[in-house]
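Here are my notes on this two-chain model, written as numbered points. Have the structure open while you read, and take the points in order.

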Amino acid sequence: MLEQLLYFVQQLLNGLTIGSTYALIAIGYTMVYGIIGMINFAHGEIYMIGTYVTFIVIAGLAYMGLESLPLVFTAALLVSMAVAASYGFAIERVAYRPLRGQTRLLALISAIGMSIFLQNFVRLSQGSRDIAMPSLITGGWTFGDPSSFEASLSYMQVIIWVVTLVTMAALTLFITRSKWGRACRACSQDLGMTNLLGINANNVIALTFVVGAALAAVAGLLLGLYYGVVNPYVGFIAGLKAFTAAVLGGIGSIPGAMLGGLLLGVTEAMTSAYFSSEYKDVVAFSLLVLVLLFRPWGLLGKPEVEKI
Amino acid sequence: MTTIKKHLIGLSVSAMMLGAASAQAEIKIALAGPVTGPVAQYGDMQFIGAKMAIEQINKAGGVNGEQLEAVVYDDACDPKQATAVANKVVNDGIQLVVGHLCSSSTEPASDIYEDEGVLMITAASTSPTITEKGYQLVFRTIGLDSLQGPFAAKHVVDAIKPQRVAVIHDKQQYGEGLATSVKSELDKAGVNVVMFEGVTSGDKDFSALIGKLKKENVDFVYYGGYHPELGLILRQSREKGFNAKFMGPEGVGNPDITAIAGEASEGLLVTLPNSFDQDPKNADLVAAFKAKNEDPSGAFVFPAYSAVQIMADSIKAVGSVDTDAMAKHMRATTFSTPTGDLAFDAKGDLKEFSFVVYEWHADGSKTAVK
């Protein structure tokens, strides 16, 4: 009995860890969609670039003889956020802004093109093989009896939750309390009107991309350290999962992205645990279809009212 | 980064050679396999082996006075690109192919080659179904999963004697084929297989799977697939305190698994073709690879060398690049190659091919298990 309970707890912890990182990436999708109603398919690639930058910074610091963990962690976080943010800014400027005011489909195709471009750009500059890094943060707690089933919780998993929660809280404060956050919310309600009222909507949109990209870099750093492996293709799957999480929770809604990410992660873990890992994507995406059938606006989204 | 550069340089060099040597009569051989993509290192093995054979044959005067020339095609181990490559080979008028690498690429490509009269020898694809279609022009110089699976299973039954076994695969043709064959052999031998499951290739998180393996008290895991996934499974198993013995096919046996799994790759068992580079009669060839700074220890290097040599010998015997006549000759002849005396059966498979079980070490080296 206890063994069953521990097993359940273990799988729940696994699911929550995957889920929090889905959520971090999902926020980037949801923020951009909330404001300009466009899906930024290049977002997964930003996450991948974040992981690469993290690896490069850590390898570079190790090469210079700096191995103090807090220092390396902070440096990697700051540099990867900065690099990813500039990518986010540049992508918006190059691929999306010139198409603003055209049909949404154009920006969508441009986003897919940007995603393919970034993937191949990284492939050519970094090579297509898996790049691996030894685990920096090892160890953890174990619960239960080693002779039957022992649940484990690694320090890295806890770090992932804490960083995710802190980042989400900071973002929520930024959106609800700050002047820029207010401008973001205004833009998401009515872009044209906001422009008329003297807010430079272009700047607000650029800011959204920068913030979303920086969050993707945080996810890139955390998952890079957790799995220790990166290749130019990781962004695609991660982006797909995060996009699903965003839609599940209600695209455009930030708490929705968090809920959607966690729900998706836990569903996948539980399917693998009690059914078969072959079916985890089947179950996860069936869940998405079901939610969309009965609540097309997602779990926490608001039904869209046609503006006249 | 350096490998990509090397490929680019290699490609541009071969392109330059194509321009420079076009005045001379020559026989083109297409080398098809992944130049890019996650399993490009296996493509490398095949390319360096085939190129070495071409170089040495040309040095010795070529084939019937004509020089051989390698043309590299990249299929990225993607079945869709493989068919595009096959069509390109046909359009380019090339009648000989050494490749492809991944079984899932070789299979669709072989349909096109057979239809268009192109002779294909794969030095790496091990799925049995490739030679089961009754094709006349499709050959291979490597063993089959249907041999490798039972060989691995026999080792498990005789030497390891595990209590609770899990068989995991990556749901791809190669991995699932092997895993299925291992499972059925283990079942026959009465070994207790408690789990048979697929994972998604490209996944990064196997914590749920490992939790399940732990709960099932599995003490031996056979993995059918490639190293990127198994590397992560090993690494995450170590982190989560799951300490079973792991075994995999040649698809996991390359130094990258150590790069990914680190310490956790110690003790991994891998079934590989015989190490032809350890064979004393290949010492000259090994020295030739070393002189070019290439690694002759990869599993597909020597089979690719043999494939080219068999093609060259058959052209000599037949008198021209007549693929039907060459295929007939190949089925009737025993070829003396660096991978041994090779003879093909009616399907185009080798009559004999032996595997060896190796134990992998954390420094990337391997030792044969007796």
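1. Let's begin inside chain A, where the C-alpha centres of domain 1 and domain 2 lie 20 Å apart. The assignment gives domain 1 as 30–139 + 153–228 and domain 2 as 233–308 of chain A; such bounds come from an automatic or database domain assignment.

2. Before going on, a word on the ground rules: this is a predicted model, in which local features need pLDDT of at least 70 and side-chain atom pairs count only at pLDDT 80 or more, while totals for chains, interfaces and linings use all residues. Residues are numbered from 1 along each chain as its sequence is written, chains are lettered from A and ligands numbered from 1 in the order in which they are written, and side-chain values use heavy atoms, with hydrogens and water left out.

3. How do the two domains of chain A touch? In contact (heavy atoms within 4.5 Å) are 16 residues of domain 1 of chain A and 16 residues of domain 2 of chain A. They bury about 1400 Å², with carbon and sulfur atoms giving 74% of that area. Buried area here is the accessible area (1.4 Å probe) that two parts lose on being put together, summed over both.

4. Between these domains of chain A there are zero salt bridges; that term needs a side-chain nitrogen of Lys or Arg within 4 Å of a carboxyl oxygen of Asp or Glu. The count of residue pairs in polar contact is one (both at pLDDT 80 or more). A polar contact is a pair of N or O atoms within 3.5 Å; within protein, one must be able to donate a hydrogen and the other to accept it, and residues adjacent in sequence count only if both atoms are side-chain atoms.

5. The rule finds zero salt bridges here, but seven residue pairs in polar contact.

6. Finally, where do the chains meet? Chain A gives 41 residues and chain B gives 37 residues to the contact. The two chains bury about 3200 Å² between them, 47% of it on carbon and sulfur atoms. A:Arg129, A:Tyr227 and A:Glu278 supply 21% of the area that chain A buries against chain B, more than any other three residues.

7. Which side chains form a salt bridge? Those of B:Asp203 and A:Lys280 do, at 2.4 Å, N to O, and the rule finds one salt bridge across this interface. There are also 14 residue pairs in polar contact between chain A and chain B.
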